[in-house]
Every structure is written in structure tokens, then in C-alpha cells.
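Please work through the following exercises with the sequence and the model at hand. Each task is followed by a solution in steps.

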Amino acid sequence: MSATAVKSRPSKSEGGRPGRSKTGWNILGLFVFAAAGFPVYWMLNTAFKPAKDAIDPDPSLLPTGLTLSNFDRALNIADFWGPVGRSLLVSVVVVAIGIVIGLLAALAISRFAFRGRRIVIVGILAVQMVPLVAMIIPVFLLLNDLGQYDRLTGLMITYLTFVLPFTVWTLRGFIVNIPKELEEAAMVDGCSRTGAFMRVVFPLLAPGLVATSVYGFIQAWNEYLYALMLLSQQNQTATVWLGNFTTKHGTEYAPMMAGATMMAVPIVVLFLLVQRKMAAGLTAGAVKG
């Protein structure tokens, strides 16, 4: 075959089909990004616009004016820092307890063979399939009998029931991806099983712990239904405070969006602090498990 014939043959990268396919996926990605990001944009737009423009029947997609009065109004309408502090306390405690117990459980499931191991794994999956709304009445009756109704400790126990299975299942996937030979080599060099885990496995598991902790924190921080049903107004969390954002003038949407923006700040800050560990953890747990 001559060089001219080879040169005249179009390559796959120059063909129309692969290029059109890539362009189509890029357009689809932009569409998904716009659909997912528009509510966030509208929240910020409403939070910073004058209150009268927030209830305009013909709203403008672009900001018509910037003001910080909505944030001041949101802080003065009702107690803001109390619900936020309670939400932060509940979320941090739930994540801390969930990570410790979930790590030990995931390690046992991943590294040890025991009778009923498959049943435990199936049970963890089955618990996550149960709708949370279906357990409201049993949880309410149980906490009432234990004297934990309208207490933050009762809410923490409740959140652990759905954060812990997620934590165990996720960490199991990360631990399975770490070869057992690394632990065995450390034990041959003189480490105990605990020492091998702390010196070899735990550092490799750090990205997975960060990713799991962030998602567990988001679950506890954003939960609304159980916080509404199990706590009184004096002990309400930030999501319940935001859901009851009404005054004698009715619902004030601009201050409500300002409150939602302030509630989103801790999550955004947390993501910015751990974004590198998050990316490493998500990719580490995506191979097998």
C-alpha cells in the first residue's frame, strides 16, 4: 500500500462520528450542570435581591439589585445560631460515632470469616432500602419509652440508624481494595495485627474515611423529617427552623433564601477543606467491593 493511500485514509479521530459523539456528551453534561446548578443560583439570587423583588410575579433571571438586608432580617426574625449549633453538634457526634463503629464493623466484615457474614452484609443493604418515613412511628414510640423524646441524644441515636449502615457498607468497599498482603508483610516484620492496621491500612484508608464522613455529615445536617417529629420548637434544628420560616407578615422568601444560604456555608466550607481527599477516596472505592 502506498504512502499516499495511507495518508488519504481518514483516522477515527478525524471522522465525524467520534467528534459528534464527544460534542453531544459535552452538551449533555452542560445541560445536567445547568439543571443541577440553577436552584443554587436562584437561592443566591433571591437571597441578595430586595425583598419586594423576591415576590414579583414576573421575576428577573438576572440580579436586579444587591442587598444584605435579607441576611440581617433572617438573623433577627428568630433564633438562628441556636438551631445551627444544635445541628452542628448532632452532625459531628453522629459522624464521629458512626465512623468509629462503622470502621470496626467494616473491618470485621472485610477481614474476618465468621458464620453469618453474608447475612450481615445482606442485612446492611436491606436496612438502607427501608424508607425512612416508614419508621417514624416505631422510632417515636421507642424513644418515648426510653425517655429520649425531644432530646438531642435521641435524635443522634435515630440518625445513627441510617448513617451507620451507609458508613459500614462504604468503608467495606475501601478496605476490600487494600491488599491483605500489606498487613501480612507488616506482621512478618514484627507488628501485631492492630499495629499493622494502624501503620499500614489506616493511612491508606484515610481518603475513604474522609469521603464517608462528609456524606454522613451531609445526611445528618440536611435531615428534616425526624428532626421535625422528634424535637419541640425549643430544640429544633436548622432545617426545621428554615422550614418554619414564617412571620406575622407570612412567608418572607428573601430572608428564607438568605437563611438557606447561611445553612449551606458549613457544607461548602467542608467540601473545600477536604476536596482532595474526597476525590481520592471516591476513586479508591470504585474498583471492587
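**Exercise 1: the enclosed space**

The structure holds 1 cavity of 30 Å³ or more. The model is predicted: local features need pLDDT of at least 70, side-chain atom pairs count only at pLDDT 80 or more, and totals for chains, interfaces and linings use all residues. Residues are numbered from 1 along each chain as its sequence is written, and side-chain values use heavy atoms, with hydrogens and water left out.

Task: state which residues line the largest cavity.

Solution. On a 1 Å grid over the protein atoms alone, a cavity is a set of points where a 1.4 Å probe fits but cannot get out, and lining residues have an atom within 4 Å of a point. The lining consists of Ser87, Val90, Tyr159, Ala220, Trp221, Glu223, Thr237 and Thr239. Two or more of these residues come from each of α5 (81-111) and α10 (193-222), helices being DSSP runs (H or I, at least four residues) numbered from the N terminus. The space in this cavity is about 30 Å³.

**Exercise 2: a lysine in a loop**

Task: decide whether Lys49 is buried or exposed.

Solution. First, locate Lys49 in the loop between α2 (16-48) and α3 (51-54). Next, apply the cut-offs: buried means under 20% relative accessible area and exposed over 50%, with partly exposed in between (1.4 Å probe, protein chains only). Lys49 counts as buried because its relative accessibility is 2%. Finally, list contacts (heavy atoms within 4.5 Å): leaving aside residues up to four places away in sequence, Lys49 touches Trp42, Ala54, Ser60, Gly65, Thr67, Asn70 and Ala254.

Key: 1 Å grid on protein atoms, 1.4 Å probe; cavity = no way out; pocket = protein on both sides within 12 Å on 5 of 7 lines; lining within 4 Å. Points joined across faces, edges and corners; volume = space filled by probe spheres on them.
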